[in-house]
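The structure is shown below.

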Amino acid sequence: AGKSTVDDDVLDNLEEVLVTSDVGVTTTLKIIDRIQARVAKDKYLSTSELHRLLRDEIQLMLSENNSNDFRKFEYGQHKPYVIMVVGVNGVGKTTTIGKLAHKLKAEGLSVVLGAADTFRAAAVEQIKLWGERVGVRVVAQAMGSDPASVAYDTLQSAVANGEDVVIIDTAGRLHNKIGLMNELGKIKNVMEKVIPSAPHEILLVLDGSTGQNAFEQCKQFTEATDVNALAITKLDGTAKGGVVIGISDQFKIPVKYIGVGESVNDLQLFDKKAFVDSLFN
Amino acid sequence: MFENLQDKLDRAFKVLKGQGSITEINVAETMKEIRKALLDADVNYKTAKSFTDEVKEKALGLNVLTAVSPGQLLTKVMNDELTALMGGEVTELDLKTNPTIILIAGLNGAGKTTFAGKLANHLKSKGKKPLLVAGDMYRPAAVDQLQILGEQIGVPVYANIASKDPVAIAMEGIAEGKKNHNNVIIIDTAGRLAIDEEMMNEIAAVKEHTKPHEILFVVDAMTGQDAVNTAKTFNERLDFTGVVLTKLDGDTRGGAALSIKSVVNKPIKFIGTGEKMEALDVFYPDRMASRILGM
Ligand SMILES: Nc1nc2c(ncn2[C@@H]2O[C@H](COP(=O)(O)OP(=O)(O)OP(=O)(O)O)[C@@H](O)[C@H]2O)c(=O)[nH]1
Ligand SMILES: Nc1nc2c(ncn2[C@@H]2O[C@H](COP(=O)(O)OP(=O)(O)OP(=O)(O)O)[C@@H](O)[C@H]2O)c(=O)[nH]1
Ligand SMILES: [K+]
Ligand SMILES: [Mg+2]
Ligand SMILES: [Mg+2]
């Protein structure tokens with residue numbers, strides 16, 4: 001705390017903070033390089049100035065892709081606005097859908113959910129219970145039925161009922177399983193048949209406690225389905241979710257939501273500043 | 001995706017070879033590569049540091065530079081070290097007591113319920129007569145999930161959806177199991193965060209009352225740096241007897257395994273390698289070592 005200039009100790013400490021927040025070595029070095037460039041110019045930078053600078057640099061890396069933070073849970077342009085939710089096993093897809101439906105409903109939008117995880121034991125039951133909990137309709141078929149057919153039904157029914165938002169759940173799948181990744185393409189294609197511009201949002205859910213593997217998840221899901229939004233879950237724990245900095249820097253996909261618990265209200269819009277602050281607390 | 005660590009090390013050593021004896025300084029570059037490889041594999045920051053320090057000592061001791069392929073020698077040293085660190089040989093479950101009570105614990109979505117089913121299936125195939133107990137009262141449809149798995153594998157499931165008390169359900173389950181002569185009773189629990197005091201007290205109470213013979217901490221192999229915090233806290237509260245590493249059918253390098261092992265020093269007993277009930281394997285330290293090193 002007594003240090004007034006930036007030396008190797010300060011930078012080492014910085015490295016530790018970033019790496020232990022899952023920022024990853026490559027991104028950490030990139031951030032430190034940026035800082036060092038500033039330090040070289042500005043020889044008498046104090047540690048408090050360094051911290052401000054650091055927060056700015058990281059926010060900048062995040063905002064190069066999140067051109068503006070999302071301010072409200074609302075969707076204007078398309079009706080229905082179709083969201084397809086994807087991600088590896090157990091990250092919090094179904095829970096995020098339940099929480100998001102709740103937020104959208106509170107904004108006065110009518111929401112319908114599609115139970116297109118027909119694979120995992122009791123997945124249909126789980127999303128139905130979420131539908132009951134937040135008071136939105138769920139379109140479902142029997143376990144084991146074709147997920148693309150469930151998505152098709154859901155979109156048709158949403159159009160027929162004039163609903164505002166459709167959210168399609170999908171089964172968790174590891175990104176290195178080619179057959180399962182191709183299935184996502186099929187689900188997506190079927191939606192286009194009902195609404196040519198759908199899905200409008202493909203939301204990749206990442207578990208906030210995931211380490212560097214999140215890069216590969218993002219890469220593979222993006223290749224398979226044109227992911228255009230991210231949600232980071234479980235940030236109510238001690239994990240910092242730092243891997244998202246490198247991810248949004250590399251893939252230019254905005255982080256839209258964060259999950260901070262298991263209850264209906266535990267979904268927030270992503271706020272860069274709050275996120276960066278949490279890395280250093 | 002990642003370049004082979006061995007090639008990188010060979011290259012780093014090539015630079016050094018011209019310089020005569022190994023000094024602290026010329027090993028530094030190599031150690032940096034090793035450290036980066038470990039951190040990229042999600043090995044904990046401190047663990048990676050102490051591990052590279054040890055390897056460095058070893059490298060300075062062995063005359064690595066005179067070896068034909070120093071990178072190869074060094075990767076072998078590391079592989080051996082890592083394997084040893086992750087606990088030499090396979091550790092079996094302790095199933096002596098009748099009935100054996102097994103408590104399952106871990107973070108949200110780690111794979112506990114799936115593992116409970118897999119374990120029951122595995123034990124059944126070895127001639128045991130297991131009972132599953134649905135102790136997750138929180139997650140929507142958690143009980144249905146376990147019941148469906150139980151049905152798939154032909155193992156009974158004790159559930160009481162009217163109750164909200166996991167201690168009571170666990171005790172009822174044990175009584176039911178004893179009545180029906182089940183010799184293994186596996187208790188599934190809700191996912192919880194290590195910092196959730198109330199939920200941690202709750203699972204500590206389940207342990208207190210059920211006196212399990214095995215407490216298995218289930219952890220997602222894709223977990224990053226937080227693995228140590230979580231494992232430490234769960235271990236402090238539960239003193240678990242083993243670790244289960246799930247989702248290793250993915251392409252994660254699984255450095256969390258090393259981190260957990262180094263902070264709690266408990267054996268990794270099983271790995272999950274898929275969503276199906278058969279996708280369970282025992283843990284091989286040497287395979288995990290190679291995986292972490294990216295070989
Ligand atoms: N603490 C916490 N738990 C969460 C959060 N989001 C989801 N969970 C929990 O994580 C677990 C898995 O959530 P699900 O919504 O079933 O995950 P999923 O991605 O749909 O899982 P699969 O469909 O099996 O791939 C559940 O116990 C959820 O309650 C969060 O933000 N914080
Ligand atoms: N690919 C793969 N998926 C797995 C494995 N183990 C579990 N899963 C999947 O991971 C997801 C979460 O598994 P669960 O068993 O519901 O996890 P849990 O820890 O009981 O979750 P909560 O009770 O909500 O905390 C499901 O989609 C499972 O099918 C594994 O070894 N490999
Ligand atoms: K997880
Ligand atoms: Mg789900
Ligand atoms: Mg469970």
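## Fold of chain A

Among contacts in chain A between residues at least 6 apart in sequence, 78% link residues at least 24 apart, a contact being heavy atoms within 4.5 Å. The model is predicted: local features need pLDDT of at least 70 and side-chain atom pairs count only at pLDDT 80 or more, whereas totals for chains, interfaces and linings use all residues. Residues are numbered from 1 along each chain as its sequence is written, chains are lettered from A and ligands numbered from 1 in the order in which they are written, and side-chain values use heavy atoms, with hydrogens and water left out.

Chain A contains 10 helices and 8 strands (DSSP runs numbered from the N terminus: H or I of at least four residues for helices, E of at least two for strands). Of its 281 residues, 59% count as buried, that is, under 20% relative accessible area with a 1.4 Å probe, protein chains only.

## Potassium site

Which protein donors does the potassium ion (ligand 3) have? They are Asp207(A) (OD) and Asp220(B) (OD), at 2.5 to 2.8 Å from the ion; donors are N, O and S atoms within 2.8 Å of the metal (3.2 Å for Na, K and Ca), and the site may look incomplete because water is not among the atoms. Asp207(A) belongs to strand β5 (residues 201-207) of chain A and Asp220(B) to strand β5 (residues 214-220) of chain B, so the pair joins two chains.

Asp207(A) counts as buried, at 8% relative accessibility. Asp220(B) also counts as buried, at 11%.

Technical notes. Buried means under 20% relative accessible area, exposed over 50%, partly exposed in between (1.4 Å probe, protein chains only).
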